[in-house]
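Here is my note on the model shown below. Please read the points with the structure open.

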Amino acid sequence: MKKIAKFEKVSEENFVSSWQEEFSADRDEAKKVYDGIKLPRRATSGSAGYDIFSPVDFTLAPGETMKIPTGIRCRIDDGWVLKLYPRSGLGFKFRLQLNNTVGIIDSDYYYSDNEGHIFIKITNDSNEGKTVEVKSGTGFAQGIFVEYGITVDDDATEIRNGGFGSTTK
């Protein structure tokens, strides 16, 4: 196995600001959530996916959506990308889906002004009326590192600053 990446927490200031923006929480509450953040990890030596853990308890009724500041970032070697997916069990049982179907975390995202803070926006797309309940510290998404190539005539030289469509502006 190649070791090509490292998960880290974003700064407390970055997380608190993001958390307050999403959930209208007070500063002390956001700091408490930050202190409890668990870095992603694989469950077994044969797991391809790194479990991404929920920083809080949450419930999503059918059709509900939530954007979660995870408090994590990832330093990734050039030539690799981190792909994000819902945990397969939650997708299978509840149709929990990422709103962008597959999240793509490029290696240069780490250097963005937002510290490469990974946000995950999910929707309970249940057509069976099932409500999803996820406890704090439980894996709700997973990340898989994938190597990629570029074309022989590639001439990209731009520098990233931001996420969610920043490279097409």
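1. Two strands pair if DSSP finds at least two bridges between them. Helices (H or I, at least four residues) and strands (E, at least two) are DSSP runs, numbered from the N terminus. By that rule β4 and strand β9 (residues 119-124) pair in the antiparallel sense, over five bridges. T65 stands opposite T123 in β9.

2. Some ground rules. This is a predicted model: local features need pLDDT of at least 70, side-chain atom pairs count only at pLDDT 80 or more, and totals for chains, interfaces and linings use all residues. Residues are numbered from 1 along each chain as its sequence is written, and side-chain values use heavy atoms, with hydrogens and water left out.

3. The three-stranded sheet. It is open, antiparallel in its pairing, and ordered β4-β9-β7. Its edges are β4 (65-69) and β7 (96-98); each has a single partner strand, so one side of each is left without a neighbour in the sheet. From one strand to the next the twist averages 30°. Axes here are lines fitted to C-alpha atoms, for helices over the stretch in contact, and angles run from 0 to 180 degrees between N-to-C directions. Contact means heavy atoms within 4.5 Å. On those terms α1 packs on the sheet and touches β4 and β9. The direction of α1 makes about 165° with that of β4.

4. The four-stranded sheet. This one is also open, with antiparallel pairing and the order β2-β11-β6-β8. The edge strands, β2 (50-53) and β8 (103-106), each pair on one side only. Twist averages 30° from one strand to the next. Strand β6 (residues 80-86) joins β8 through four bridges, in the antiparallel sense. K83 stands opposite I104 in β8.

5. What does the side chain of N14 reach? N14 belongs to helix α1 (residues 12-23). Its side chain reaches the backbone oxygen of N114 at 2.8 Å. A polar contact is a pair of N or O atoms within 3.5 Å; within protein, one must be able to donate a hydrogen and the other to accept it, and residues adjacent in sequence count only if both atoms are side-chain atoms. Leaving aside neighbours within four places in sequence, N14 is in contact with N114, E115 and H117. N14 counts as buried because its relative accessible area is 13%. Buried means under 20% relative accessible area, exposed over 50%, partly exposed in between (1.4 Å probe, protein chains only).

6. Aromatic rings. Rings of Phe, Tyr and Trp (its six-membered ring) pair if their centres lie within 6.5 Å; planes under 30 degrees apart count as stacked, over 60 as edge-to-face and the rest as tilted. The count comes to eight aromatic pairs. F15 and W19 form a stacked pair, at 5.2 Å centre to centre and 25° between the planes. They are four residues apart in helix α1, so about one helical turn separates them. The rings of W19 and F23 have centres 4.4 Å apart and planes at 45°, so this pair is tilted. W19 and F23 are likewise four residues apart in α1, about one turn of the helix.

7. Burial in the aromatic cluster. Ring pairs link F15, W19, F23 and Y34 into a cluster. F15 and W19 are both buried. W19 has a relative accessible area of 3%. F23, at 30% relative accessibility, is partly exposed.

8. Charges over rings. A charge sits over a ring if NZ of Lys or CZ of Arg is within 6 Å of the ring centre and within 35 degrees of the ring normal. The charged end of K9 sits over the ring of Y34, 4.1 Å from its centre. The charged end of R73 sits over the ring of Y110, 3.7 Å from its centre.

9. Buried or exposed: which is D28? D28 is found in helix α2 (residues 27-35). It counts as exposed because its relative accessibility is 61%. D28 and F92 are 64 residues apart in sequence and 36 Å apart in space, C-alpha to C-alpha.

10. D125. This residue lies in the loop between β9 and β10 (132-134). D125 is partly exposed, with a relative accessible area of 32%. Not counting residues up to four places away in sequence, D125 touches F94, R95 and Q97. The side chains of D125 and Q97 make a polar contact (3.3 Å).
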